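Hi,

Here is the structure I promised to pass on. Have a look at it first, and my notes follow below.

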Amino acid sequence: MNSLGLNLILRMGCLCAKEIIMVNSRKYKVCEHLGDGGFSTVHLVEDVITHRKYAIKKIICHGSEDQQLAMKEVEYYKLIKHPNVIECIDSSYEGMADPIVNTTSEMLIVLPYYQKGTLANDLERRTRNCDYMSSMDILSIFLQICEGVKAFHESKPEPLAHRDLKTANILLSDDGTPIIMDLGSVTTARVQICGTQAARTLQDLAAERCSMPYRAPELFNVESYCMIDERTDIWSLGCILYALCYFKSPFDTVYERGDSVALAVISAHVTFPDGTPYNEDMQNLILSMLKVNPMERPYIYSVIESVHGVIIKLEDRV
């Protein structure tokens, strides 16, 4: 057999060896591994019939609490329908998690695949080229992200909070539309904390599910008697707007150095790099969201109104 024929057989063998994932009655061939979250794995897959590409999120559940969280995530995909929030195309659940007999269950969630990747990927590329976006482009993207967040905050019967908004959780469609993804941290927005045990539980949950450089100060040190509400997301939005301007969250450098992010966040000492093309209006918009006291932070409606105000000022200058 010549080398060409041997190579063809080897390639066919590799193709046949590709893992097949079944979700309900549909078969998907695994093309590549896209990434891992704290509780999940994401694969790029291809529908074996239509050859369309999708992302499949696989959540392994080790107990009843994991199962409930996975099922809640699917519920939230169905509940939040918005052009700037990722949709769930299909899902399936198999097995029964039981830590006593060491069995697990599995949730599979079929999601659209966005080949441009995430906003974080785009900002990394821009960092290398020192490629600043125009203020108008930034505000256009940010406004769409805010509209997506508003869909969570307006949810019925009660408001929801995403709780892990960050540039790595915002996908970009082919035309650059931002799409909020990863609803694994979504929860009831308004939580009344009564006692040290409840405070500790929420603080531990936030440590597991909310990324440090975008986490609101009230989630680093949860007070024993307080109300946590959807304005945790507003803090994260302030960090995202900062990153859109300067490529990283204001607390990313602290995190990368290994210094205390909690201390930096609680002190909220935010500085702006020199020599960048953004004026005081943009910086004030960022600072309006980065208030340590959540009661001083605006709700999403006010943020959207302020963004429109800055856009109008920019248009007047043109």
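Buried means under 20% relative accessible area, exposed means over 50%, and partly exposed is in between (1.4 Å probe, protein chains only). This is a predicted model, where local features need pLDDT of at least 70, side-chain atom pairs count only at pLDDT 80 or more, and totals for chains, interfaces and linings use all residues. Residues are numbered from 1 along each chain as its sequence is written, and side-chain values use heavy atoms, with hydrogens and water left out.

Let me start with the salt bridges (a side-chain nitrogen of Lys or Arg within 4 Å of a carboxyl oxygen of Asp or Glu). The whole structure has 21 of them. One network links Asp122, Arg125, Arg126 and Asp131. Within it, arginine 125 pairs with aspartate 122, their closest N and O atoms being 3.0 Å apart. Arginine 125 counts as partly exposed because its relative accessibility is 33%, whereas aspartate 122, at 16%, counts as buried. Both sit in helix H3 (residues 119-129), 3 residues apart; helices here are DSSP runs (H or I, at least four residues), numbered from the N terminus. Aspartate 131 forms a salt bridge with arginine 126, again with closest N and O atoms 3.0 Å apart. Here aspartate 131 is partly exposed at 28%, and arginine 126 is buried at 14%.

Helix H7 (residues 231-246) is also worth a look. In H7, 16 of its 16 residues are buried. After H7 comes phenylalanine 247, with a positive phi near 80°.

Conventions. Helix = DSSP H or I, 4+ residues; strand = E, 2+ residues; numbered from the N terminus. Expected span 1.5 Å × (residues − 1).
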